[in-house]
Amino acid sequence: MLIKQKCCALIKEFTKQKEEQVINSNNLGLFYSHINKRLVSETGVGVLKDQSGSFVHSDSMKAELLNQYLSSVYTNDNNCIPDIARRTSSELNDIVFTEAMVLQKLKNLKSKSSAGPDGLKSFFLKQLAHSLGLPLSILFTISFELSSLPDIWRVAVASPIFKKGLSSDVRKYRPISLTCIVCKVMESIVKDQLMSYLLKNKLITKHQQHSTCSQLIECVNDWSLALNSRQNVDVIYIDFNKASDCVVHSKLIRKLESYGVTGRLLLWLKDFLSNSTQAVKIGKHRSSFNKVVSGVPQRSVLGPLLFLLFINDIVDNLGHDLTVKLYADDVKVYSVIDDIGSSDSLQSGINSLCDWCATWQMKINASKCFVFNIGHSCSTASYNIDNTPLPVSTVANDLGVNIAPKLRFSYRYDNLVAKAKPRASLILRCFECREPAVLFRAFTTFVRPAVEYCSPVWAPVYKGDINLIESVQRHFTKKLNRARQ
């Protein structure tokens with residue numbers, strides 16, 4: 001009995017130390033990993049339903065089913081390369097890879113990152129940074145000069161992550177692809193020099209925002225000015241269907257040429273996009289590999305920048321009287337509606353956007369697009385996308401913030417509290433430690449960021465709303481006190 005008590009005490013002390021390490025690491029990903037290990041299945045993928053309606057239980061069959069679905073969303077090239085005007089007289093055709101650049105990138109790697117298809121872990125590369133800096137810089141230079149990548153760098157192994165909805169529906173999962181870390185190091189150096197060139201020549205549209213908060217502040221400011229002037233604003237929210245997977249490579253290369261990307265850099269990027277393969281891994285089972293015929297590489301370093309450049313010119317033909325806001329693949333277009341001509345102009349802008357999508361083979365998911373009216377009186381104008389009428393929503397979920405027609409955020413407060421309280425309760429379920437200092441640090445890591453997201457936009461001013469937000473923390477501290485007893 002004494003030995004059992006000592007073992008239990010040691011296990012409890014060990015668990016406490018591990019939980020403190022998770023909290024003190026300031027690594028939100030590690031924190032979520034600890035939570036998810038206690039809440040979800042080992043693979044994170046439940047039973048799936050195939051096209052015939054049969055349920056798939058084994059990991060190997062689920063991996064194949066998801067891989068087939070991911071391959072089905074690609075866009076086949078129609079071999080029509082649109083004309084596009086050159087946007088700059090400047091050119092970028094060469095990238096420099098020095099030992100110092102590679103060394104700095106290796107030192108900045110996250111030690112806990114998983115190994116890619118080549119089996120090389122970030123911890124290994126980081127520990128040997130000083131020894132690998134020179135040989136990797138030579139390897140990158142040769143790859144760039146030959147405009148060719150090693151075959152293993154073209155391989156991606158995707159882990160499916162459930163979004164929301166019916167867990168048995170394969171369409172409710174998104175792939176998080178794992179690629180070779182050495183390739184990511186090279187991509188990072190290319191990205192830095194490419195981004196420096198784009199910013200220097202002011203080639204990235206001002207409508208593309210760097211943060212959700214800054215975009216929402218600008219929008220709410222515009223809409224508030226219209227409300228104060230007793231004007232109405234119509235906002236059209238556009239949703240692309242599998243946006244990052246639908247980018248046609250030949251058309252992306254044509255876009256890059258218009259931005260002055262030429263020479264060996266253009267050839268290397270062309271090779272980087274071509275002949276890629278992807279498989280899905282669930283648990284210890286991996287599907288067969290399928291060719292990636294379109295889209296920017298998921299979870300790659302260059303992928304987000306390449307997608308940004310692909311949709312960068314989407315605002316060119318929408319008209320100067322419309323306001324367009326971009327954040328990654330989220331697009332919204334709005335205008336003050338003071339007469340019939342204003343609504344016609346907004347519809348004309350939407351038509352131009354549809355024409356752009358048809359030209360560049362991007363797909364709009366009309367079922368998820370909607371109109372949001374802001375003002376003291378509802379707008380009577382109706383809008384459509386490809387002759388599909390757009391529904392009018394009474395609440396807009398704009399980059400994660402719920403907004404009401406008169407710019408009231410009561411929906412935001414209610415939804416925030418409804419989501420934050422269960423999240424706070426998870427801490428008490430998933431951590432065995434009962435020390436208040438440790439658990440409250442967990443609260444500040446796991447709950448407070450969700451509560452304070454974009455708070456400069458919706459910060460409450462009424463006492464009742466303030467008390468409602470503060471109830472999340474009060475609810476947690478009361479449970480904390482009970483848990484100690």
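Strand β6 gives the most to the lining of the largest cavity, with 3 residues. Helices (H or I, at least four residues) and strands (E, at least two) are DSSP runs, numbered from the N terminus. The model is predicted, and local features need pLDDT of at least 70, side-chain atom pairs count only at pLDDT 80 or more, and totals for chains, interfaces and linings use all residues. Residues are numbered from 1 along each chain as its sequence is written, while side-chain values use heavy atoms, with hydrogens and water left out.

The structure holds 2 cavities of 30 Å³ or more. A cavity is a set of points, on a 1 Å grid over the protein atoms alone, where a 1.4 Å probe fits but cannot get out; lining residues have an atom within 4 Å of a point. Grid points are joined across faces, edges and corners, and a volume is the space filled by probe spheres set on the points.

In total, 15 salt bridges are present in the structure, a salt bridge being a side-chain nitrogen of Lys or Arg within 4 Å of a carboxyl oxygen of Asp or Glu. Side chains of opposite charge can pair when their charged atoms come close. R264 and D94 are joined by such a bridge, at 3.2 Å from N to O. R264 lies in helix α10 (residues 263–273) and D94 in the loop between α3 (59–72) and α4 (99–107), so the pair ties together parts that are 170 residues apart in sequence. R264 is partly exposed, at 33% relative accessibility, and D94 is partly exposed with a relative accessible area of 33%. In this classification, buried means under 20% relative accessible area, exposed over 50%, and partly exposed in between (1.4 Å probe, protein chains only).

A salt bridge also connects R264 with E145, whose closest N and O atoms are 4.0 Å apart. This pair links distant parts of the chain, with E145 in helix α6 (residues 129–146) and R264 in helix α10, 119 residues apart. E145 counts as partly exposed at 46% relative accessibility. Through salt bridges that share partners, D94, E145 and R264 form one network. A further salt bridge is made by the side chains of R86 and E91 (3.6 Å, N to O). R86 is partly exposed at 43% relative accessibility, and E91 is partly exposed with a relative accessible area of 48%.

A nonpolar surface patch of about 390 Å² is formed by L134, I138, I142 and L146. Patches are made of residues with over 30% relative accessible area and no salt bridge, like charges being joined within 9 Å and nonpolar side chains (Val, Leu, Ile, Met, Phe, Trp, Tyr) within 5 Å. Accessible areas come from the Shrake-Rupley method with a 1.4 Å probe; for residues, only the protein chains shown count as cover.

By contrast, L309 is buried, with a relative accessible area of 0%. L309 is placed in helix α11 (residues 303–310). The C-alpha atoms of L309 and K255 are separated by 7.3 Å, although the two residues stand 54 residues apart along the chain.

Strands β9 (residues 323–327) and β10 (residues 330–337) run antiparallel and are joined by 5 bridges; two strands pair if DSSP finds at least two bridges between them. L326 has V331 in β10 as its bridge partner. The two strands, β9 and β10, form a hairpin with 2 residues between them, and A328 in the turn has a positive phi of about 55°.

Most residues other than glycine have a negative phi, and most peptide bonds are trans. R230, which is not a glycine, has a positive phi of about 60°. R230 lies in the loop between α8 (212–228) and β5 (232–238) and counts as exposed at 63% relative accessibility. K242, also not a glycine, has a positive phi of about 50°. The loop between β5 and α9 (249–258) contains K242, and K242 is partly exposed with a relative accessible area of 23%.

Key
On a 1 Å grid over the protein atoms alone, a cavity is a set of points where a 1.4 Å probe fits but cannot get out, and a pocket is an open set with protein on both sides within 12 Å along at least five of seven lines; lining residues have an atom within 4 Å of a point.
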